[in-house]
Every structure is written in C-alpha cells, then in structure tokens.
Amino acid sequence: MDEFPIAYLSYDDLRDRAAMFLAQYHPAGTIPVPIEEIAEVKLRLDIMPVPGLQDALRSDDYGVVGFLTGDLKEIHVDEWIWNHRYNRYRFTIAHEIGHLVLHRDLYQGRDFDSVGSWKTFINSIPDEVHGWYEWQAHAFAGLVLVPERRLRAAMMEHLASVTDRLKREAIPIANVRDTVWDIILDLVAREFQVSVEVIQRRAEKDSLREGLLPG
Amino acid sequence: MGQFGEFFKQRRLALGASLRQFCLEHGLDPGNISKLERGRLAPPQHDKLEEYARLLGLQEGSDDWYRFFDLAAAEAGRIPRDIMSDAEAVGKLPILFRTLRGEKIPDEQLDEIVRKVKGA
C-alpha cells in the first residue's frame, strides 16, 4: 500500500463527492446544512470540546481548529471556538468530515504502538501530500456547507432585493457594484451560517459574480 | 463508553439535539456531558441525575426512567480515570493537522496535543 495515498481530485470531482454526500446524508436540502446533526446522528461521530486546543494546534493555514481522531470516531474542537465562533465551528466539523469521506484510506490501518511511532509518522508526511489532503477537505467543506444550486438561488434572491432598493432610491447599480456584491456576500453568509470568506471562495469557484453582477 | 453514557447519548440524539444544542439550551457544561456520555465521568448524584432525566425527556415512572437510574447505580462505584493511558490515547491522536506551511511540528507541540487528547 502506498504510504500516503492521494487521489488527485479536481474541484469538480470534489463538487460531485459533496453532492453525493448531501444526497445521502441531507436529502431534505435545507439551509443552513445541519452539519452537526449529520456528524452526530447520521455519521455517529462524537464531537467534543477540548479546552486550549487552539493553542496546541496554533491553527493551520485554513483556520481549522479541530481534528478527526485516528480511529475515525471523534472530532475534537477547540472549546473556545465551540462556544464563541459558531460558523468556524461548523466549518471545522465539515472539514473533518471531508477527511473522513475522502481520506479514509490514510486513516485506516494506522495502528501506532506508541506515541513515539505516531510522532514519527506525523512528521514523515510530506508537505506537498499534506497540502493536497488539506485543500481537498477544505474545498469539500465549502461545497457541503454551500451547495452549488442553493448558492446561486440565494445570491439571485438577495441581488433582486438589493437591486429593488437601489431602484427605489434612484441609485445606479454601476456606481455601487462592489458594495452591492459585498452586501450580497454578507447576506448569503448569514443564511448559510458560514463566514463571508467561504461564500466569497465558493462564488469565485462557481464564477457567480460574472453571471449575476457583470461589469 | 459505559452503558449509562451510551443510554444518555441515545436519548439526547432521540430528541434530535446535538451535544452543543443540548448543553446550550440547558446551561450545561459540554465538556462534562461529553465525558459523561463517553464513560469518562461517573454518573452524578440523585438530584442532578433526576434533572438530567427530565432534560432528556424521560417520563417519571416509565421503563426508560428506571433504566436510566439503574444504569447510573450500576456505574456509581466505578471511578473513571481522568487521564487516558498512552495505549488508549494513540488511537485518538490526529493524523491530519498542521500549523504553518512548511514547518515540522515541534516535539513539544506534539506532546501538548497528546496531553489534550489524554484529558479529553
């Protein structure tokens, strides 16, 4: 077995994987996606708050403040994030589910006989390989929490509402295009219970601005 | 996981409540409830137990009500360890996590993560 098996999945591959995941675990399709319920009830994962985990992990490039345990049974999340940063908490859960769905092969069969052998393994994962795993879990999390069709529909709805208001105020949209876009990102982020940055990245990947607010 | 903790968790999930929702709604400490569910904390004394039973929607005098108290009584004498052994902890350690790109993770940071996992 390859020590670090990587499936080189494209963003579109991940889009398909996320859609399949949602079809299986959240067929109702409601927004916000109940990621905590999916994790606990459907996937039978224990989610547990751990005091001071953020300091121990010191956060990563993606701002993930938790991890999936090696036995694939628990997600540990920093307690402060759990209590005070709900959107980030939700994203962390989705990200770790991404590892569960996409990287099961890496986790399974790891039978460390000591903390020392775990440390050796952790530091033997090449950065490039780790980068792939993290990018995939990150993209998967965004696609699960912000499903493609629902994102487009929400943006259109908010754009129509903002445009109506501008018309009533006789403000040409061309003068405030960037502001309108920022407002829409913010409204959609609230609706999906994710950060504005997540919506921004998803909108970029789906080329939504060009279609909805050209110019 | 002990039978009491498992039953507690099943009842909570039957309410459709995540651990976070359940604790927020009732002003409970999620760390303690999580430990209780995983058998890492002994069931509490009677008054607290009764409060939990009601929060879990158990009807006084029902089979589930008695089962809840029986399971708690069966585990009352057990004193869970506060800290996992190394052997227990290795299965709970993370595989994928990182701090800053390109950095090897310092040994003391790995030790800190092990400490956190053992106490979780």
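Into which domains is chain A divided? In this predicted model, chain A splits into domain 1 (11-145) and domain 2 (148-212).

**View 1. The two domains of chain A.** Domain 1 of chain A covers 11-145, and domain 2 of chain A covers 148-212. Their C-alpha centres lie 28 Å apart. The two domains touch: 14 residues of domain 1 of chain A are in contact with twelve residues of domain 2 of chain A. Together they bury about 1,200 Å². Carbon and sulfur atoms account for 52% of that area.

View 2. How many salt bridges cross the interface of domain 1 of chain A and domain 2 of chain A? There are two salt bridges. A:Glu148 and A:Arg15 are joined by a salt bridge through their side chains, at 3.6 Å from N to O.

**View 3. The face of domain 1 of chain A that touches domain 2 of chain A.** Which elements give two or more residues to this face? They are α1 (11-25), α5 (86-102) and α8 (127-145) of chain A. By residue class, the face holds seven nonpolar, five polar and two charged residues.

**View 4. Chain B against chain A.** Here 38 residues of chain B are in contact with 50 residues of chain A. The area buried between the two chains is about 4,100 Å². Carbon and sulfur atoms give 58% of it.

View 5. Six salt bridges are found across the interface of chain B and chain A. A:Glu40 pairs with B:Arg12 in a salt bridge. Their closest N and O atoms are 2.9 Å apart. Polar contacts across the interface of chain B and chain A involve 14 residue pairs, both residues at pLDDT 80 or more.

**View 6. The face of chain B that touches chain A.** Five elements of chain B give two or more residues to this face: α1 (3-14), α2 (19-26), α3 (30-37), α6 (86-90) and α7 (107-119). Which element gives the most? That is α7(B), with nine residues. The residues of this face of chain B divide into 17 nonpolar, eight polar and 13 charged.

Notes: Residues numbered from 1 in each chain as written. Chains lettered and ligands numbered in written order. Predicted model: local features only at pLDDT ≥ 70, side-chain atom pairs only at ≥ 80, totals over all residues. Heavy atoms only, no water. Domains from an automatic or database assignment. Contact = heavy atoms within 4.5 Å. Buried area = accessible area lost by both parts, 1.4 Å probe. Salt bridge = Lys/Arg side-chain N within 4 Å of Asp/Glu carboxyl O. Helix = DSSP H or I, 4+ residues; strand = E, 2+ residues; numbered from the N terminus. Nonpolar A, V, L, I, M, F, W, Y, C, P; charged D, E, K, R; others polar. Polar contact = N/O pair within 3.5 Å; in protein donor to acceptor, adjacent residues only side chain to side chain.
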